[in-house]
Amino acid sequence: MASHRRPKQPGHAYTTVLTTAAAAAVALTTQTAHADPLPDPNKKGVKAEVDRLYEQATQATEKYNAAKEKQDRLQKQVGDLQDSVALGQDELNDLRDSLGTLATAQYRSGGVDPSVQLFLSSDPDDYLAKAAVLDQIGGRQLNTLRKIRSKQRTLEQKREEASEKLGDLEDARKELKDKKKEIQAKLAKAQKLLNTLTAKERARIAAEEERANRASQRVDLGSQASASQRAAAAFSAAKSRVGMPYVWGATGPNSFDCSGLTSWAFAQAGVSIPRTSQAQAGAGTRINSMGDLRPGDLVIMRTDLSHVGFYAGNGQILHAPKPGAVVRYEAISTSGMPFMWGVRIG
């Protein structure tokens, strides 16, 4: 997260603009109790509120990522079930065709009373041999009927399961759509707030962000003895992405959100870890003390576990921090996000 420094005192024109915006916000809140009004910039500061909105957007992004992961998993399960049902239907059709062939053959052979057939037969031994075959056909027919019934029950169960999964999939898609709207609303509101600033104030905020990005290139990481070979490989991959922009929902290689960066980096090391920060928080060995962290360990941030990055050494985290920022190094102590614990993979 960016620094929460107090913004400079606004000038007269700046105050007039923000006062107008605040008045509009008050009017908006009188219309509905559920509205999320613009803050009073004279009390909280536009920059602080923008940072708060960005934080909420990143938290919603992890929920979006979880919903996307759930949707993808359900989509695969539905596809597998539908393929299985189609294959089972083909097998059932083959069994029915086989049953029809057997029934036709039995009917043709059994159309005359067996005792009459034996009496009229010019070769009783040949007839008796054929009769034995007919008995075998009857047994095969019964077995085929049993297979058909079993296959029908299996298909009914799979169709019911597929129907339930389709319902779950529709719910997951709705959740995904809702989370996307929530993120976009937070970002739009942040931009609306930024637009209330003067050009000078916007330039100052941009300059602060740029300084944070440049400082990332000069950070002292101290000892780089990594926790494991795989963690070292993942950390190396992440370091190659410094300067790439934060984009919510992105998993690389040219843009990332926080857990998108860590999951992508470990994938480059041949290691599959969960997609979301909350799931990554339980993916390996927990390291409770910051003093025990090694470069390449995951760093879990915020009480809701909604942020993750790589421990980079010397109290630094390498992460994709927020909208408008890039992948960079930052001191954990000044990130604005509380440290929860570390996770060692491999």
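## A salt-bridge network

In this predicted model, salt bridges link K47, D51, E209, K322, R328 and E330 into a network. One of the pairs here is K322 with E209, whose closest N and O atoms sit 3.4 Å apart. K322 is in the loop between β4 (316–319) and β5 (328–331) while E209 belongs to helix α5, so this pair ties together parts 113 residues apart in sequence. Both ends are tucked away: K322 is buried at 2% relative accessible area, and E209 counts as buried at 13%.

## Other salt bridges

The total count is 16 salt bridges. Among them is E55 with R302, again with closest N and O atoms 3.4 Å apart. That pair also links distant parts of the chain, with E55 in helix α2 (residues 46–109) and R302 in the loop between β2 and β3, 247 residues apart. R302 is buried at 3% relative accessible area, whereas E55 is partly exposed at 23%.

## The nonpolar core

The largest nonpolar core has 28 residues, and A265, F266, L298, I300, F310, L318 and I345 touch the most other members. Elements giving it two or more residues are α6 (229–239), α7 (258–268), β2 (298–301), β3 (307–313) and β6 (339–344). Helix α7 supplies the largest share, five residues.

D168 lies in helix α4 (residues 124–195) and is partly exposed, at 35% relative accessible area.

Notes
Residues numbered from 1 in each chain as written. Predicted model: local features only at pLDDT ≥ 70, side-chain atom pairs only at ≥ 80, totals over all residues. Heavy atoms only, no water. Helix = DSSP H or I, 4+ residues; strand = E, 2+ residues; numbered from the N terminus. Buried < 20%, exposed > 50% of the residue type's maximum accessible area, 1.4 Å probe, protein only. Core = buried A, V, L, I, M, F, W, Y, C linked by side-chain atoms within 4.5 Å. Salt bridge = Lys/Arg side-chain N within 4 Å of Asp/Glu carboxyl O.
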